[in-house]
Amino acid sequence: MTTSVERLSAGLARRIALAAQGFAEPRPTGIVGTRQLRRTADRLAVVQIDSVNVLSRSHYLPFFSRLGPYRRSDLDALSNRRHHLVEYWAHEASFLPAHLHPHLRWRMAAADREAWGSMTRVQQERPEYVAALLARVRSEGPIRASQLQEERPNRPGSMWNWHAGKAALEYLFFTGALTARGRTAGFERVYDLPERVLPPAVAQAPTPGRPEALRELVRTAARALGVATETDLRDYFRLSPVDARTAIAELTDAGELQPVEVAGWNRPAWLDPQARRPRWIRARALLSPFDSLVWERPRVERIFGFRYRLEIYTPAAKRVHGYYVLPFLLGDRLVARVDLKADRQAGVLRVQGAFAEAGVDAAEVAVALAAELRLMADWMTLGEVVVAGRGDLAPDLAVAVVATAG
């Protein structure tokens with residue numbers, strides 16, 4: 001007997017996805033505190049870390065997008081002192097709720113296959129040095145890579161230009177022998193033993209079997225995505241195709257995932273049976289390029305019809321939209337994109353380019369975007385929003401920004 005598969009409209013699937021990511025609820029009207037930050041972190045499960053600071057460290061932005069202004073020191077405390085959030089290679093380098101840490105031990109145990117480049121090379125070529133570093137942390141306490149007297153290799157243009165000490169610490173971090181105690185003001189990772197950092201219940205938790213761990217990661221991804229294809233579910237924690245397919249099949253058999261068809265997706269999809277199905281979304285948010293709503297570019301195009309490419313590594317003359325471009329969510333649509341820069345010395349939030357999506361009301365979008373930019377500037381303690389002339393939305397946005405300031 002064949003089981004009927006529910007068919008979802010593209011609009012409903014989009015609203016389900018937005019609700020799962022925290023955009024169906026209005027922003028808090030009062031002070032945003034630790035409770036709301038924890039709830040958002042638990043909902044997203046993975047918050048990607050990136051070192052680019054032209055606007056803001058990326059991990060701060062998803063919380064602002066969903067909650068509005070908050071004290072960044074409160075988020076820092078969740079990772080640096082309270083350790084509700086811990087660092088690991090989940091999607092990329094990421095913060096994740098501490099309770100998920102044991103479910104990634106299979107990846108730690110497979111570091112010689114899962115890790116890459118200088119991390120594995122230093123272990124292969126200088127295992128005694130790696131062991132000595134671990135012994136040093138055990139006896140002397142937390143350490144930063146900059147404390148090691150190691151010469152940095154001369155590889156201009158490489159983003160992984162690590163000296164041997166940094167590579168060794170990263171290898172130990174990947175294996176789980178070390179974890180991150182926190183970050184310095186300059187965003188340097190501080191390494192320490194897991195038993196001195198992780199909550200005792202997490203550090204002492206038994207290691208789940210690999211199948212159980214993979215099911216939990218796919219289950220978590222499904223809750224965070226709402227409705228998703230196999231590739232979407234796999235990408236959230238960067239699982240292999242075989243591992244993801246097996247876990248999806250097992251969760252489907254158990255009734256924890258519901259197969260669905262989504263109009264226009266042209267591929268199988270799965271629904272979290274507990275996912276909200278809102279009739280409308282009234283969101284207004286600027287999204288980090290590394291936000292979990294938009295980090296998988298094919299999913300963004302499939303759900304929103306929004307073609308999005310990160311141009312940080314594209315030569316300036318070849319960039320279409322700019323260096324650090326944020327999509328703008330209004331209602332349940334991505335309606336524009338802006339290239340932003342925090343000019344901290346001048347106290348200005350600079351809009352270096354503003355571009356509307358086809359078919360939107362540019363004047364209406366500009367008014368909403370100007371309000372969001374003003375909110376962001378205030379949160380970042382920048383006194384003024386300045387719009388450059390680049391992009392088809394820039395003229396309307398410049399007018400709206402002036403009106404907002406007045």
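Helices (H or I, at least four residues) and strands (E, at least two) are taken here as DSSP runs, numbered from the N terminus. The model is a predicted one, in which local features need pLDDT of at least 70 and side-chain atom pairs count only at pLDDT 80 or more, while totals for chains, interfaces and linings use all residues. Residues are numbered from 1 along each chain as its sequence is written, and side-chain values use heavy atoms, with hydrogens and water left out.

Helix 11, which covers residues 210–225, is followed by Gly226, a residue whose phi is positive, near 85°. The 16 residues of helix 11 reach 22 Å from the first C-alpha to the last, close to the 22 Å expected at 1.5 Å a residue, where the expected span is 1.5 Å times one less than the number of residues. Among the residues of helix 11 that are buried are Ala213, Leu214, Leu217, Val218, Ala221 and Leu225, and Glu216 and Thr220 are buried as well; buried means under 20% relative accessible area, with a 1.4 Å probe and protein chains only.

Axes are lines fitted to C-alpha atoms, for helices over the stretch in contact, and angles run from 0 to 180 degrees between N-to-C directions. Val122, Gln123, Gln124 and Glu125 of helix 7 make the contact with Pro127, Tyr129 and Val130 of helix 8, contact meaning heavy atoms within 4.5 Å.

An open sheet is formed by three strands in the order 5-7-6, with antiparallel pairing; two strands pair if DSSP finds at least two bridges between them. Strand 5 (143–144) and strand 6 (179–183) are the edge strands, each pairing on one side only. Strand 5 is joined to strand 7 (residues 189–192) in the antiparallel sense over two bridges, and Ile143 stands opposite Tyr191 in strand 7. Helix 9 (residues 164–175) lies across strand 5, strand 6 and strand 7, and runs at about 60° to strand 7.

Ala368 has its place in helix 15 (residues 362–379), and Ala368 is buried, with a relative accessible area of 13%. When neighbours within four places in sequence are left aside, Ala368 is in contact with Arg284, Phe328 and Leu330. Ala368 and Thr175 are 193 residues apart in sequence and, C-alpha to C-alpha, 46 Å apart in space.

Terms used. Buried means under 20% relative accessible area, exposed over 50%, partly exposed in between (1.4 Å probe, protein chains only).
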